[in-house]
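Subject: Structure handover

Hello,

Here is the structure I promised to pass on. Please open it and keep it in view while you read.

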Amino acid sequence: MIYEINTKQKLPITKLETWEFLSDPKNLQEIMPDDMGFEILSGADRKMFTGQLLQYNVTPLPGFNTKWVTEITHVEKPNYFVDIQLYGPYALWHHKHFINEIEGGVEVEDLVHYKLPLGVLGRLMHPLVVKPKLNKIFRAREAKMIEKFGHFENQNK
């Protein structure tokens, strides 16, 4: 089974500011939850480009440390980029990052399609462990983006 996460966050900054931050792989560490043990091992020495390989250490669950290798497969500055997992904890990971201009700022949208390993066991773990953990990661990222860039105020209230 392929699962989907779709999140949207509005920020009070320009599309170019958003792109400059999100397209620098080093900034990923800044917006990950502290308990993920996220550490960039290689590939983050340049701004994002198609074909770029990034290698990380992550601790998705307490006591479970793993390497994660992703490839940036598509880059369309300043609109979107796509990464896929080549090696890591998922059977499939396909993550699209969109930056859309809106009145008063931008809307950052993440669309992730993923599949778990371990067949039936993976499907059983999804609602109990995996989905709550992924939701926590995206909520933490949202909070860190607000902390860094400010809260979006809708001018059309």
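Below is what I found, topic by topic.

A caution before the details: this is a predicted model.

**Salt bridges**

Side chains of opposite charge can pair when their charged atoms come close. This structure holds six salt bridges.

Start with lysine 144 and aspartate 34. They form a salt bridge, and their closest N and O atoms are 3.2 Å apart. This pair links distant parts of the chain. Lysine 144 is in helix α3, residues 119-149. Aspartate 34 is in the loop between α2 (28-31) and β2 (39-42). The two are 110 residues apart. Lysine 144 is partly exposed, at 22% relative accessibility. Aspartate 34 is exposed, at 72%.

Next, look at aspartate 35 and lysine 133. Their side chains meet in a salt bridge, at 3.7 Å from N to O. Aspartate 35 sits in the loop between α2 and β2, and lysine 133 sits in helix α3, so the pair ties together parts that are 98 residues apart in sequence. Aspartate 35 has a relative accessible area of 40%, so it counts as partly exposed. Lysine 133 is buried, with 16%.

Now go to aspartate 110 and arginine 141. Their side chains meet in a salt bridge with an N to O distance of 2.3 Å. Aspartate 110 is in strand β7 (residues 105-115) and arginine 141 is in helix α3, so this pair ties together parts that are 31 residues apart in sequence. Both ends are buried: aspartate 110 has 1% relative accessibility, and arginine 141 has 10%.

Some salt bridges share partners. They join Asp35, Lys133 and Lys136 into one network.

**Helix α1**

Which residues of helix α1 are buried? Helix α1 covers residues 15-22, and its buried residues are Lys15, Thr18, Trp19, Phe21 and Leu22. Look down the axis of α1. The buried residues fall within an arc of 165°, so they line one face of the helix. An α-helix has 3.6 residues a turn, so residues three or four places apart point the same way.

What covers the buried residues of α1? The cover includes α2, β4 (64-76), β5 (80-87), β6 (92-102), β7 and α3.

**The largest pocket**

Rolling a probe the size of a water molecule over the atoms shows where empty space is left. The largest pocket has a volume of about 780 Å³. It is lined by 41 residues. The closest to its centre are Trp68, Tyr90, Trp93, Leu134 and Ile137. Eight elements are listed as giving two or more residues to the lining: α1, α2, β3 (53-61), β4, β5, β6, β7 and α3. Helix α3 gives the most, with nine residues.

How many of the lining residues are nonpolar, polar and charged? The lining divides into 31 nonpolar, five polar and five charged residues.

- Leucine 28 lies in helix α2. It is partly exposed, with a relative accessible area of 29%. Leaving aside neighbours within four places in sequence, leucine 28 is in contact with Phe38 and Tyr56. Leucine 28 and isoleucine 40 are 12 residues apart in sequence, and their C-alpha atoms are 8.7 Å apart in space.
- Threonine 66 is in strand β4. Its relative accessibility is 12%, so it counts as buried. Not counting residues up to four places away in sequence, threonine 66 touches Tyr56, Asn57, Val58, Pro60 and Pro89.

**Backbone details**

Two spots deserve a check of the backbone angles. The peptide bond from lysine 77 to proline 78 is cis, with omega near -5°. Proline 78 lies in the loop between β4 and β5.

Leucine 118 has a positive phi of about 75°, although it is not a glycine. Leucine 118 is in the loop between β7 and α3. It is exposed, with a relative accessible area of 60%.

Best wishes

Key
Residues numbered from 1 in each chain as written. Predicted model: local features only at pLDDT ≥ 70, side-chain atom pairs only at ≥ 80, totals over all residues. Heavy atoms only, no water. Salt bridge = Lys/Arg side-chain N within 4 Å of Asp/Glu carboxyl O. Helix = DSSP H or I, 4+ residues; strand = E, 2+ residues; numbered from the N terminus. Buried < 20%, exposed > 50% of the residue type's maximum accessible area, 1.4 Å probe, protein only. Arc of directions from axis to C-beta. Contact = heavy atoms within 4.5 Å. 1 Å grid on protein atoms, 1.4 Å probe; cavity = no way out; pocket = protein on both sides within 12 Å on 5 of 7 lines; lining within 4 Å. Points joined across faces, edges and corners; volume = space filled by probe spheres on them. Nonpolar A, V, L, I, M, F, W, Y, C, P; charged D, E, K, R; others polar.
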